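Dear colleague,

Please find below the structure that I am handing over to you. My notes on what was found in it follow directly after.

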Amino acid sequence: MRIARFSIDGNVAFGAVEGEGTVESGALVLDIIKGIPYGDFELSGTKVPLSKVRLLPPVLPNKVVAIGRNYAEHAAELGNEVPEVPVAFFKPTTSVIGSGDAIEYPSFSEELHHEAELAVVIGRMCREVPRQRVKDVIFGYTCANDVTARDAQKREKQWARAKGFDTSCPLGPWVETDLDPSDLTLQCTVNGEQRQLGRTSDMIRSIEDLVVHITEAMTLLPGDVILTGTPAGVGPLNVGDEVAVTIEGIGTLTNKVIKRG
Ligand code: MG
């Protein structure tokens with residue numbers, strides 16, 4: 001099931017996406033959900049065309065835990081070794097935006113990069129999750145763009161500003177709950193031109209590895225998000241660009257880059 005979060009007439013709701021096609025196609029309908037998607041819920045049968053609503057980030061995470069250098073070719077393209085222990089960092093909740101929202105180019109950077117990533121959405125409060133239980137704590141998957149001020153990342157030892165500025169974490173367009181994430185194509189285009197193309201099977205650490213590693217340290221809550229790293233091909237974003245992250249079996253997350261007003 002594809003679960004979107006949206007606003008209509010000032011109200012926020014979750015809905016199950018029905019139909020085939022892109023967000024822009026006008027062919028999709030939302031069946032409004034009664035209850036909370038992470039717990040017990042039912043479909044209300046009340047339907048609205050997706051074209052009539054504003055899509056919001058599909059989850060409101062308590063935290064986004066991101067993993068760096070999880071694809072060997074990407075680590076190499078930036079001149080980095082594959083780390084012995086996964087590199088983990090946070091993106092704050094204020095960095096999260098939805099599909100169709102604008103990425104605001106930060107004033108302190110002149111080198112903004114896209115990073116297409118598979119995002120894991122957690123469904124249950126969990127800590128110290130054993131490998132064989134990882135599937136039980138995952139709610140679903142969505143597309144992410146780990147937008148990065150690459151110059152600030154090189155300049156500053158911690159990446160809080162470089163990867164945590166407002167609008168640096170587009171998520172969406174919805175969460176797909178029925179998906180085998182082990183071998184999916186993920187790609188990134190800028191203004192329709194392909195920049196990144198990879199497969200999730202090329203991750204150095206699997207999703208199981210990452211959930212075990214992260215929950216050794218911290219409790220994950222329903223709606224928390226794990227970004228699983230980006231394949232090779234990262235590159236610049238400029239004001240006016242339209243960047244799209246597409247993952248097989250999920251959909252396309254699209255955002256425009258604007259100057260911060
Ligand atoms: Mg990344």
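A salt bridge is counted here where a side-chain nitrogen of Lys or Arg lies within 4 Å of a carboxyl oxygen of Asp or Glu. By that rule, one salt bridge is counted between domain 1 and domain 2. Please bear in mind that the model is a predicted one.

The two domains

The domain assignment of the protein places domain 1 at residues 2-55 and domain 2 at residues 64-259. Their centres, taken over C-alpha atoms, are 24 Å apart. Twelve residues from domain 1 and 14 residues from domain 2 take part in the contact.

The size of an interface is often given as the accessible area lost when the parts come together. For domain 1 and domain 2, the buried area is about 1000 Å², with 63% of it on carbon and sulfur atoms. Of the area that domain 1 buries against domain 2, 56% is supplied by Arg2, Ile3 and Tyr38, more than by any other three residues.

Which residues form a salt bridge here? Arg54 pairs with Asp101, and their closest N and O atoms are 2.9 Å apart. Two residue pairs are in polar contact across the interface of domain 1 and domain 2. On the side of domain 1 that touches domain 2, strand E1 (2-8) and strand E5 (54-56) are the elements that give two or more residues. E1 gives the most, with three residues. By class, this side of domain 1 has nine nonpolar, no polar and three charged residues.

Salt bridges in the model

The count by this rule comes to 15 salt bridges. In one of them, Glu18 is joined to Lys47, with the closest N and O atoms 2.9 Å apart. Glu18 lies in strand E2 and Lys47 in strand E4, so this pair ties together parts that are 29 residues apart in sequence. Both partners are partly exposed: Glu18 has 27% relative accessibility, and Lys47 has 45%. Arg54 lies in strand E5 and Asp101 in the loop between strand E8 and strand E9, so their pair links parts that are 47 residues apart in sequence. Arg54 is partly exposed at 46%, whereas Asp101 is buried at 13%.

Asp146 forms a salt bridge with Lys163, the closest N and O atoms being 2.8 Å apart. Asp146 lies in the loop between strand E12 and strand E13 and Lys163 in helix H4, so the pair ties together parts that are 17 residues apart in sequence. Asp146 is buried at 0% relative accessibility, and Lys163 is buried at 2%. Salt bridges with shared partners join Lys91, Glu115, Asp146, Arg150 and Lys163 into one network.

With kind regards

How values were computed. Residues are numbered from 1 along each chain as its sequence is written. This is a predicted model: local features need pLDDT of at least 70, side-chain atom pairs count only at pLDDT 80 or more; totals for chains, interfaces and linings use all residues. Side-chain values use heavy atoms; hydrogens and water are left out. Domain bounds come from an automatic or database domain assignment. Contact means heavy atoms within 4.5 Å. Buried area is the accessible area (1.4 Å probe) that two parts lose on being put together, summed over both. A polar contact is a pair of N or O atoms within 3.5 Å; within protein, one must be able to donate a hydrogen and the other to accept it, and residues adjacent in sequence count only if both atoms are side-chain atoms. Helices (H or I, at least four residues) and strands (E, at least two) are DSSP runs, numbered from the N terminus. Ala, Val, Leu, Ile, Met, Phe, Trp, Tyr, Cys and Pro count as nonpolar, Asp, Glu, Lys and Arg as charged, and the others, Gly among them, as polar. Buried means under 20% relative accessible area, exposed over 50%, partly exposed in between (1.4 Å probe, protein chains only).
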